[in-house]
Amino acid sequence: MRIERVINRLWIWSFLLISIVSCVSLTSNEPKSKHYRLVAPVNEPRTSWNHSFVVATLAAQSGLDTEKMALINGHQEVTYFLDAMWINRLPIVVEEFLVNFIENHYKTQTVTNAKFLRSADYRILIEVRDFQVEYPDTDSSRVHLNMVFLLLDAQTETLVDRLQFNKTLSIQRKDISSNVRGFESLLTEASADLMKRFCRKTL
């Protein structure tokens, strides 16, 4: 009987040890995601623009309101990178980029993405329609931005202006860092076009 108990205990401990080792092995083999943010460029001297703004997301296309970085590979099937994520949900990343872009280029009273700011002069609403990496072939990639910006009078809620930015940028390398720089380049261009146009409407 003692021999049987010893054998049973050894078998149980062996099973537990194998299970633990297997779990550790599976965990270590899982791809670790790197988190990316988009950095707005700095411009000096800044242009004076004596207004206050709230930046907010009006809507994001299904599948884009997430921290995952979207990829369209071949047909219109949306997948996500396993080893790359945004630092926050994509709409928040875009909001913060635009806030920083305005602060880095214009001397304003206030610019924020805080929804509770009620004393602002204008609201800039963003609709994200496309914001993904695309692989048209095996050798190259491209980033695609399709966004709509609305400028509203914060006091009357009337539409002052509307701008749509829809552009694709080819990337020579397929690595994630190059794609992120492509997103930064397009979003910088979109922000510059947006603010030049909205400035003319509010001066």
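Me: Is Asn 146 buried or exposed?
Reply: Asn 146 is buried, at a relative accessible area of 9%. Buried means under 20% relative accessible area, exposed over 50%, and partly exposed in between, using a 1.4 Å probe and protein chains only.

Me: What kind of model is this?
Reply: This is a predicted model, where local features need pLDDT of at least 70, side-chain atom pairs count only at pLDDT 80 or more, and totals for chains, interfaces and linings use all residues. Residues are numbered from 1 along each chain as its sequence is written, and side-chain values use heavy atoms, with hydrogens and water left out.

Me: Where does Asn 146 sit?
Reply: Asn 146 is in strand β9, residues 141-153. Strands (E, at least two residues) and helices (H or I, at least four) are DSSP runs, numbered from the N terminus.

Me: Which side chain does the Asn 146 side chain make a polar contact with?
Reply: That of Gln 164, at 3.0 Å. A polar contact is a pair of N or O atoms within 3.5 Å; within protein, one must be able to donate a hydrogen and the other to accept it, and residues adjacent in sequence count only if both atoms are side-chain atoms.

Me: What else is Asn 146 in contact with?
Reply: Leaving aside neighbours within four places in sequence, its contacts (heavy atoms within 4.5 Å) include Glu 127, Arg 129, Asp 130 and Phe 165.

Me: And Ser 141, buried or exposed?
Reply: Ser 141 is buried, with a relative accessible area of 1%. Ser 141 is also in β9, and its side chain makes a polar contact of 3.0 Å with the side chain of Asn 179.

Me: What about Leu 82, buried or exposed?
Reply: Leu 82 counts as exposed, at 65% relative accessibility. Leu 82 lies in strand β5, residues 78-86.

Me: How does β5 pair with β4, parallel or antiparallel?
Reply: Antiparallel, over four bridges, with β4 being residues 68-73. Two strands pair if DSSP finds at least two bridges between them. Ile 72 has Val 78 of β5 as its bridge partner.

Me: And β4 with β8, parallel or antiparallel?
Reply: Parallel, with three bridges joining β4 to β8 (residues 122-135). There, Leu 71 has Val 133 of β8 as its bridge partner.

Me: How many residues of α2 are buried?
Reply: 13 of its 16 residues, and the helix is mostly covered. Helix α2 (residues 90-105) reaches 23 Å from its first C-alpha to its last, close to the expected 22 Å. The expected span is 1.5 Å times one less than the number of residues.

Me: Which residues have the most contacts inside the largest nonpolar core?
Reply: Ile 124 and Phe 131, in a core of 48 residues. α3 gives the most to this core, with 10 residues. A nonpolar core is a set of buried Ala, Val, Leu, Ile, Met, Phe, Trp, Tyr and Cys residues joined through side-chain atoms within 4.5 Å.

Me: What does Phe 131 touch?
Reply: Not counting residues up to four places away in sequence, Phe 131 touches residues including Leu 38, Trp 86, His 144 and Phe 183.
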